[in-house]
Amino acid sequence: MTENYTALYEQHKLAGASFTDFGGWQMPLKYSSELAEHHAVRNAAGLFDLSHMGEVWVTGPDAAAFLDYALAGKLSAVAVGKAKYSLICQEDGGIIDDLISYRRGEQKYLVVPNAGNAAVVAAALAERAAGFDVVVDDVSAETSLIAVQGPNAEAILLTLVPAEQHSLVTELKYYAAVEVGITFNGAVQDLLLARTGYTGEDGFEIYVPNGDAAGLWEALLEAGDGHGLIPAGLACRDSLRLEAGMPLYGNELSREGNPYAAGLGPVVSLKKESDFVGKAVLAELKALGAGATSGRKLVGLKGLGRRAGRSHYPVLKDGNVVGEVTSGQPSPTLGYPIALAYVDVEHSEPGTALDIDLRGKPEPFEVVALPFYKRQK
């Protein structure tokens with residue numbers, strides 16, 4: 001596999017990062033302690049390089065209608081300035097990717113797919129654009145994405161935003177985006193600022209040209225001095241999103257699964273007036289119920305002991321295999337093991353006692369409602 005490097009690779013090396021391959025990219029796994037980075041995001045702030053994510057602009061008179069056809073959600077209903085979490089599915093209902101789309105104008109959207117799927121999603125959008133008056137422009141290779149996540153994220157960002165634009169930041173709602181001036185490299189540059197996130201905390205994502213990424217990264221680190229900001233890697237990003245009950249493509253989501261089994265039924269808009277790719281099969285799956293095709297659905301599992309389950313470990317009921325873990329580890333915030341798993345529908349109700357097979361030894365877990373962790377507003 002070809003290794004890709006983000007525009008911030010040298011900054012990560014200087015900060016002492018250890019690296020791992022993720023979706024074909026060399027990404028920082030951690031800088032010092034993944035636990036310290038996890039707690040920093042929960043209690044102060046963490047700085048993430050998300051430049052491996054994709055960015056695809058969809059523009060033109062048919063942009064809204066096209067995305068209604070290409071994606072499972074109703075993107076035409078999204079107000080300008082807002083964002084929507086959605087899915088791009090196959091004809092058979094399998095999930096190609098989960099993604100966020102920002103409506104930046106009446107005829108202009110930014111679609112953000114996951115790292116390993118960026119090229120696949122861009123190609124699928126380009127193919128599905130036939131017959132629509134739209135332009136699909138994949139700018140992933142020239143765009144960096146930096147995130148500041150945690151309770152101090154807003155205060156840190158405000159130190160770099162001109163005073164007259166502070167309200168653009170403080171009044172920005174969750175799942176929305178705005179153009180805002182950010183001071184770095186000795187000047188104020190207008191950049192796209194989003195308030196979404198993948199950690200369960202408040203936070204922001206900043207889209208920046210590759211050539212300006214290092215300057216913005218350093219400015220944010222300096223602004224975070226005194227606010228507890230530290231750079232954070234993929235290891236803590238995974239533990240944070242797991243606590244927040246957020247799925248990861250390749251673990252909880254795949255082409256073999258479907259939105260209803262994954263608990264993402266509300267993301268699918270079957271009431272759209274127009275047809276969309278996968279609609280017929282997804283309508284059938286909804287009628288069959290959450291466990292359609294596999295007989296299993298995604299649940300949260302809370303450990304009653306101290307040992308954690310890991311991906312692909314079997315889930316047991318009375319010694320019989322009834323499921324499989326997709327993600328699992330000890331929760332740094334909650335102090336007990338947690339896991340996401342697909343289990344047989346009849347064992348999916350909260351309160352159900354199950355075991356995870358930890359290399360031949362059953363460890364007790366209980367089905368619980370998601371998310372495991374929810375921040376205090």
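Two strands count as paired when DSSP finds at least two bridges between them. The model shown in these views is a predicted one.

**Figure 1. Strand E8 and its two partner strands, E5 and E7.** Strand E7 (residues 95–105) is antiparallel to E8 and is joined to it by 5 bridges. With 2 residues between them, E7 and E8 form a hairpin. Tyr-102 stands opposite Leu-110 of E8. Strand E5 (residues 56–59) also runs antiparallel to E8, through 4 bridges, and here Trp-57 stands opposite Leu-110. Strands of a sheet pair through backbone hydrogen bonds, which may be parallel or antiparallel in arrangement.

**Figure 2. An open sheet of 6 strands.** The strands follow the order E11-E12-E13-E10-E4-E14, and their pairing is mixed. E11 (177–184) and E14 are the edge strands, each with a single partner, so one side of each has no neighbour in the sheet. From one strand to the next the twist averages 30°. Within the sheet, E12 (residues 187–194) and E13 (residues 203–209) run antiparallel and are joined by 3 bridges. Leu-193 stands opposite Ile-206 in E13. In a regular strand the side chains alternate between the two faces of the sheet.

**Figure 3. Helix H7 lying across the strands of the sheet.** H7 is made up of residues 210–223. The strands it lies across are E4, E10, E11, E12, E13 and E14. Relative to E13, the helix runs at about 145°.

**Figure 4. Leu-145 in strand E10.** Leu-145 has a relative accessibility of 3%, and because buried means under 20%, it counts as buried. Leaving aside residues up to four places away in sequence, Leu-145 touches Phe-48, Asp-49, Leu-50, Ser-51, Met-53, Glu-55, Glu-205, Ile-206 and Tyr-207. One of these contacts, Glu-205, is 60 residues away from Leu-145 in sequence, while the C-alpha atoms of the two are 6.6 Å apart.

**Figure 5. Helix H2 and the elements packed against it.** H2 spans residues 34–43, and its buried residues are Glu-37, His-38, Ala-40, Val-41 and Arg-42.

**Figure 6. The largest cavity and its lining.** A search of the whole structure finds 1 cavity of 30 Å³ or more. The volume of the largest cavity is about 40 Å³. Its lining consists of Met-27, Pro-28, Phe-48, Asp-49, Leu-50, Ala-232, Gly-233, Leu-234 and Arg-237. Strands E3 and E4 and helix H8 each contribute at least two residues to this lining. By class, the lining of the largest cavity has 6 nonpolar residues, 1 polar and 2 charged.

**Figure 7. The second largest pocket.** This pocket holds about 370 Å³ of space. Its lining counts 20 residues, and Asn-251, Glu-252, Ser-254, Thr-326 and Tyr-342 are those nearest its centre. Strand E17 (residues 320–330) gives the largest share of the lining of the second largest pocket, 3 residues. The lining of this pocket divides into 10 polar, 6 nonpolar and 4 charged residues.

**Figure 8. His-312 and Asp-318, residues with a positive phi.** Most residues other than glycine have a negative phi, and most peptide bonds are trans. His-312 has a phi near 80° and sits in the loop between strand E15 (296–303) and strand E16 (314–317). Its relative accessible area is 58%, so His-312 is exposed. Asp-318, also not a glycine, has a phi of about 55°, and its place is in the loop between E16 and E17. Asp-318 is exposed as well, with a relative accessible area of 69%.

**Figure 9. The cis peptide bond between Leu-370 and Pro-371.** Omega of this bond is about 0°. Pro-371 belongs to the segment that comes after strand E20 (361–368).

Definitions and conventions:
Residues numbered from 1 in each chain as written. Predicted model: local features only at pLDDT ≥ 70, side-chain atom pairs only at ≥ 80, totals over all residues. Heavy atoms only, no water. 1 Å grid on protein atoms, 1.4 Å probe; cavity = no way out; pocket = protein on both sides within 12 Å on 5 of 7 lines; lining within 4 Å. Points joined across faces, edges and corners; volume = space filled by probe spheres on them. Nonpolar A, V, L, I, M, F, W, Y, C, P; charged D, E, K, R; others polar. Buried < 20%, exposed > 50% of the residue type's maximum accessible area, 1.4 Å probe, protein only. Contact = heavy atoms within 4.5 Å. Axes fitted to C-alpha atoms, helices over the stretch in contact; angles between N-to-C directions.
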